[in-house]
Amino acid sequence: MSFNRRDFLKKSGLATLGLTGLSAFGNGKEKGPNEFKKDHEQVFNMNNYAAPPIDLVRIGFIGVGSRGRGHVRRLRSIEGTEIRAICDVDEGALNRMLEDFDEPVDTYTGSDDAWKELCERDDIDLVVNATPWHLHAPICIYAMENGKHTATEIPAAQSLEECWKMVETSERTKKHCVILENVCYGEFELTTLNMARQGYFGELIHGEGAYIHQLMSHNFTRDGYHEMWRFRENATRNGNLYPMHGLGSIAQSMGINYGDQMKYMVSVSSDDFMMKKRTRELAESDSFFEDYVDNEFRGNMNTSIIKTFNGRTIMLQHDVTSPRPYSRIHLLSGTEGIARGYPEEKIANSHDGWLEQEEFDAVMEEYKPEIIKTAGEMARRMGGHGGMDSLMTWRLIDCLRNGIPVEMDVYDAASWSSVIMLSEWSVANEATPIHFPDFTSGSWKTNKPIMDIELERGGTTQFV
Amino acid sequence: MGFVGIGVSSSEDEFAIQNPFKTDYEQVFNMSGYAAPPIETVRVGIIGLGGRGTGTTARLTRIEGVDIKALCDLQQEAAESALERINSEPPLSHSPEIYAGTEDIWMELCERDDIDLVIVNTPWDLHAPMAIYAMEQGKHVVTEVPIATTIDDCWELVKTSERTRQHCMMLSNPCYRDFDMMALGMARDGYFGEIIHAEGAYIHDLRHLNFSKTQYHDMWRLRQNASRNGNLYPTHGLGTICNIMDINCGDQMSYLVSVSSNDFMMGERAKELAAEDPFFEEFVDKEFRGNINSTIIRTHKGRTILLQHDVTSPRPGIRFNLVSGTDGVAQARPSRVAKNHDGWLPEEEFSDLQEQYTPEISKQVGDLARQVGGHGGMDTMMLWRLIDCLRNGIPLDMSVYDGVLWSAMAPLSEWSVANGSKPVAIPDFTSGAWDTNERGMDIELRRGATTNII
């Protein structure tokens, strides 16, 4: 599988990724840096789309592994929600989830397609999914087709075709398709977004984000991810498989999809120095790993650089094997100042050095957005990666209940996730630059910002 | 070079590494590990006596076995003020002859028959021509960074050094910074396991210097920023990384891609200044270098290097920044080390590592070098080791291949930026010898170390 995928990425990049409109690329000489363009024209602009308000948000939840279980718990702690149905292919996981419930809740399991029945119900407003990566887009698309708003764990899609299909479906059905990028609700991220909007950094020139998180033990554990799905992703693909955590907040600060747009990117992977070696060691005592001893594993460190239409750059990294402390970098650099999230949170506005702690604290306080003031403390108490999960979930429900635009829309879901496939293409083609598809069909030039961190609207929902 | 639009490339395979700097040159003599005959007293001629050259001259007077024979600058007063400085507190007597007043006067300095080493501290464009001419006249030569600004000049330096067997070294002082040498020692000791990735940069807000009318002769540095686009100053961030990865002596760079942001600052500044001072009018409509350039390099052994350049943004500086391997990671500013995902080593353990990996060169001359100074002592340490190697007839710490390769990142990044960030093959200046070359950068002082700091 790995060989085929790579061979195909290198040679054509079209058929397996399932792009329609092949004829547009003619004789094959025109493929390449614009390969993932599509003739789609926006049928309805989902930017700042406000769906009718839903006082009680009836939820169907798909995928209650460890991540999904946490989401369900947090959703239930928010006013105006009701978990109507839960689905998981793994009955054990389903039963563990049900231990939380005193009230009856419908369940779906037993087949790979059980989630479809959940989506088809007519008493659900929102389908949330926390399934393995490859199911995210199919579930979102099917849910929208069945008249549901949908929210998905990251990444939202695993092919450019899926990205486009999500956009098309959302525009046609006028259903929200929200990417649950929790990091966008981190306190430092929210505060620096506010600083960017208030002009603290001057004009933004450059951003950096990363997912540096050693997952060797997680990915190689036989009783971790369902059927070793995450191990297999790393054993068959090469690129930045998980760009959203580093990219989301940077994209919001730069106004990507509303004011600026990503233009092209280049991507380079190192070789794999760790995973094949580990696989071979494990294969000696566990036959599962024997099938993978000759795989070309993902290069351990992937570095990509994105250029935007407004001339800014974004550097993104992905490394889930190296023994080093966690980092999303989260760097924003502008004509008047800089913020950096890792190794520790810092702000500077000159070459002379980072602000002293006292000054730093004062700046953080000054630029603390309303969303943190209103719900930050409660979200921290509810938990989930230090509160960011709760804050995100709270705001999602609050937006739906108030009938106001969601904060991360289908264009964000598609464009942030598209980095995965574009990086794979660039890596397979020796770092050749590749153009981004514009999922907004040009409307980024006039779209208005979302991510209403000052809570100019809504903010009325309570934690219970 | 204009932006070459997608689809108009004439290359055979558009979706692969481009190779515009291909050459047929084959090494005629391997300068890696080359030991020139020992020179007991190193007779020196110095060209370029601005701020940097004058500092170098003053530091040289503190090193045993140096005789400064000649000082050269286009401007008479610059040469004379350097002479005054070395005579103000002379530990040893030097009576250099002064060369000044014409564009070509430096050639006369190179042509003297009583000079062993020419040191070049001129504007960037002149480094390579001067180094080539000095070698042709039978002199060893060292230059400030970068040693060349074009790929052609890089090759000319290599060819000339190989043919004349004269040393040609770039004065890459950050390689002698404490943390850089500590990381190098740790890498060589296997502390990081196999090296996978490293990061370096030249992030240094130089706006006030580059726009100053008195800092750089005829505004040469602003002109560089106003006429080129890429990583113009790659060597400071790259040197230690290449030492750690054994580039040119065990691994080699394969290709790079480079992306520049737009300019958000220099054009604006030029306009502001021109509004009050017509002197700046010539800079008003220039295409200034994109403020931040990010370049990714991949090596033949599958490692990656992230290299950045930003000399305008108001942010704290970065040089060598990070090395990451299968067993650990080190990061600079502040210096820190980790062995796993759990966090950085506590201060105490880090101090132990600092102690353990203090290289012999620091133990022997670190304190004295700090007293003499120059970016915290690293300039003095570098000059001391240069003179010590020449006096002992042992290989220099950095070869001609190092200097040209590190410098070549500038024109290569310019090419990539100008061509819509296409990947570009990196010339192998060692003609394949990298696979078998021996390491340089002898920070443990296995040989030599007989020279005193006075």
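The model is predicted, with local features needing pLDDT of at least 70, side-chain atom pairs counting only at pLDDT 80 or more, and totals for chains, interfaces and linings using all residues. Residues are numbered from 1 along each chain as its sequence is written, while chains are lettered from A and ligands numbered from 1 in the order in which they are written.

Strand S11 of chain B takes in residues 318-325, and six of its eight residues are buried (20 or more other C-beta atoms within 10 Å of the residue's own; 12 or fewer is exposed, in between is partly exposed, and C-beta atoms are placed from the backbone). Strands (E, at least two residues) and helices (H or I, at least four) are DSSP runs numbered from the N terminus. S11(B) runs antiparallel to S7(B), residues 195-203, with six bridges joining them; two strands pair if DSSP finds at least two bridges between them. Here B:Gly200 sits opposite B:Phe320. S11(B) also pairs with S12(B), residues 329-331, antiparallel over three bridges, and B:Leu322 has B:Gln331 as its bridge partner. A three-residue hairpin links S11(B) to S12(B).

Over in the loop between helix H3 and strand S4 of chain B sits B:Asp113. B:Asp113 counts as exposed because it has 7 C-beta neighbours inside 10 Å. Its C-alpha atom is 8.6 Å from that of B:Gly138, 25 residues apart along the chain.

As for the interface, 48 residues of chain B are in contact with 46 of chain A (C-beta atoms, placed from the backbone, within 7 Å). Elements of chain B giving two or more residues to this side include S7 and S12.

Key. Two residues are in contact if their C-beta atoms, placed from the backbone, lie within 7 Å.
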